[in-house]
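These are my notebook entries on one structure. I set down what I looked up, entry by entry.

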There are 2 protein chains.
Amino acid sequence: MTEPAPIRGLWCATLTPLDQDGGVDHARLAAHARVLLATGVDGVVPFGTTGEGPSFSVAERSEGLNALLASGIAPERLLAASGAAALPDAVALTRHALQSGCPRCLVLPPFFWKGLTDEAVFRYYASLIDTVDDARLRVYLYHIPQISAVPIRPEVVARLSAAYPDIIAGVKDSGGDFEHTAELLKRVPQLSILAGHEPHLPRLMRAGGAGTICGVANLFPDLVAALLKPDVSPDDEARIRSFLDIVLRYPFVPAFKAIRAAQTGDPAWRAPRPPLWPLPEAERATLLAALHRAGFGISSETDP
Amino acid sequence: MTEPAPIRGLWCATLTPLDQDGGVDHARLAAHARVLLATGVDGVVPFGTTGEGPSFSVAERSEGLNALLASGIAPERLLAASGAAALPDAVALTRHALQSGCPRCLVLPPFFWKGLTDEAVFRYYASLIDTVDDARLRVYLYHIPQISAVPIRPEVVARLSAAYPDIIAGVKDSGGDFEHTAELLKRVPQLSILAGHEPHLPRLMRAGGAGTICGVANLFPDLVAALLKPDVSPDDEARIRSFLDIVLRYPFVPAFKAIRAAQTGDPAWRAPRPPLWPLPEAERATLLAALHRAGFGISSETDP
C-alpha cells in the first residue's frame, strides 16, 4: 500500500442497489461504480448515508467493499465508510478496509447517544484510532448532524488533527451550513475539506476546499463536476438548485433510487433497505414528471 | 418453551459491567442480575439503553445473553433487547434470543434515519416480525424518542397490535410524557404498558399499567418497588424525585455506574463503553456526597 493521496475532486456517495431478497446486489453495485468512474467521478464511497450504510450489517458492508475490489476497482478510488453505533463494529469495518488495501475511511460519530460533549466525541475517535492502531489509516470525519444528531465541532476536528496529524486526513461536511465549513477551512487548512451540500461547492473551491463527496453524483456527475471548476457559471449554480428544489420534496434516498431506476430503465434500483421504502407510485410519477419538465433528461414514458 | 407471560411488575434495565479490556464482564453481569432477582426484581433486561446496548456488537450482546442463561437465570426472567440500526442485526439478535429460549424481545426503532413517517416505522417492525417468522416471538416496542430520535406513536402501536395480535405484547414507554402513556393505555389496553420514567409509576399503576422497566432498579430496587404498590405514599414519591433531582444533573449511565461502584465497593463498575466515559473525579465526588446528604446510604468514605 503506498501513501494514500488526500481526497480531492468529485467523489460519489454511492447508492446501494438491492437484489430481489433485499440483500446488496454486488453486480449492480460494481457496475454502477464502474460507470461513475468512467464518466469522470474521481472515486466512490460505498455505504455512506446516501448508500444507507448504517442500515447494513458489518458483514454486508465488508462484503460490499470486497465485491467492488473484486470487480477491479482500484483501492485508490475507494473511501470506505466505516462508522457505526457500536465501537467494535466501527473497529471491525475500519480494520477490514485496511486489510483490503483501502486505508481511507469515512467515519460517522456514534449516533445512538445524544448530547455527547466535545470531549466525548474526541475521545471516541481517539479510541477508534488507538484500537485500530495502524499507521496507514487515514480518517475522514463525517459531520452530518441533521441525520447523525451528533455534530463534530471544528474544535474537535482541530484537536484530533493535532493529536493524530498523519491519520486525520479530512472532513466530509454535510451539515449544509457554510459558516461551519468556513470555520473548518480556517481552523484545519491542512485537511481535505469536502462538502456534501452541492450548492456550496463553488464557494468552497474558491476558499481552498478539496472537493465533494455527494449523492447527486450518482445521477448527474457532470452537474456536480461543473460546480468544482474555476469557471463555474451562474447557470451551473442555478441548475443544481433547480434539481434540489424538485428532489428534496421527497425522502432523498428513495427519490435518488427512483431517478436511477428511470435513468437506467432498471426498476430493481427503486428499492431502499428498511426503514426506508420506495416512493409511492404517485409521488414517483410526480417527481419524474417534474424533472422531465425541468429538462433533466428523464422521460416518464421511458420509465420502467 | 411455554407461552411467555406478559411482563408485569418491576423489571430492571440492567447496567453492563466491563472488564479491564473494555469487554462485557460476564461474571459481574450475571452476579449483578442474580442480586437484583434475589432482592425482588421480577426480571432483567440486558443491553437496553441503561445497558448501553447499541454500543455493543451483535456478538457481544448475544454472548452476554448466553452468559446470563449459563449462570442459571431462567429465560422467564429475561427480556432481550434486540433492536439495532441495521435490520439484519435486529433480526440476528431477535433470532438468537428465540433460539436461547427467550421469546420476549424489547425492540428499539431503527435510530439512524430521522423524520421517519408512521408508515415507515410500522413497516419496519412488520419486516422484522415477518423476517424472523416465529410464532413464539413476543415484541415489546421501545419508545424513547429523546435518545432514539424516532418516536413510536400510539397509532403505530395500535396498528402493529392489530396486525400481529399474538406477537406485539407491550410497550416500554420511556418518553417521560404521561399524556403519551395515557393514550397508549386507552388505545391498546390489551398490551403491557411499562413506563421508564419512575415518577410516573403510581399514576401508571392506577390507570391499569403493567409496571416498569427502569434503570433506577439497578441501584435502589426497593425505591421503585414502592412506587408500584397500591399503598404508595407521598414520601415514596418524594424520594424518587429527590434521587432523580440529584442524579440527572449528570449523564445518567456514567452516574448510575459510579453509584453502583460506590454501593458495591467495586471500582470496576465505573467504566461505561465509549462514547460514554466515566464521570470526572470531581463530579463523581459531588454526586456521591449529594446522595449521602440526601440519605441514600452512600458514603463518600467507603467509596472505593
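**Entry 1: the core.** Which residues of the largest nonpolar core touch the most other members? I first note that the model is predicted. I found that the core holds 212 residues, and that A:Val107, A:Tyr140, B:Val107 and B:Tyr140 touch the most other members. In chain A, domain 1 (9-230) and domain 2 (249-304) both give residues to this core, so the core lies between them.

**Entry 2: around B:Val107.** I then looked up the contacts of B:Val107, leaving aside its neighbours within four places in sequence. B:Val107 is in contact with B:Ser82, B:Gly83 and B:Ala90, and also with B:Leu128.

Entry 3: The bridge partner of A:Cys105 in S5 of chain A is A:Val139.

**Entry 4: where the chains meet.** How many residues of chain A are in contact with chain B? I recorded 28 residues of chain A in contact with 28 residues of chain B. On the side of chain A that touches chain B, helix H3 (87-99) and helix H4 (118-132) are the elements that give two or more residues. Helix H4 of chain A gives the most, with 5 residues. I divided the residues of this side into 20 nonpolar, 3 polar and 5 charged.

Methods. Residues numbered from 1 in each chain as written. Chains lettered and ligands numbered in written order. Predicted model: local features only at pLDDT ≥ 70, side-chain atom pairs only at ≥ 80, totals over all residues. Core = buried A, V, L, I, M, F, W, Y, C linked by C-beta atoms within 7 Å. Buried ≥ 20, exposed ≤ 12 C-beta atoms within 10 Å, placed from the backbone. Domains from an automatic or database assignment. Contact = placed C-beta atoms within 7 Å. Helix = DSSP H or I, 4+ residues; strand = E, 2+ residues; numbered from the N terminus. Nonpolar A, V, L, I, M, F, W, Y, C, P; charged D, E, K, R; others polar. Pairing = 2+ DSSP bridges.
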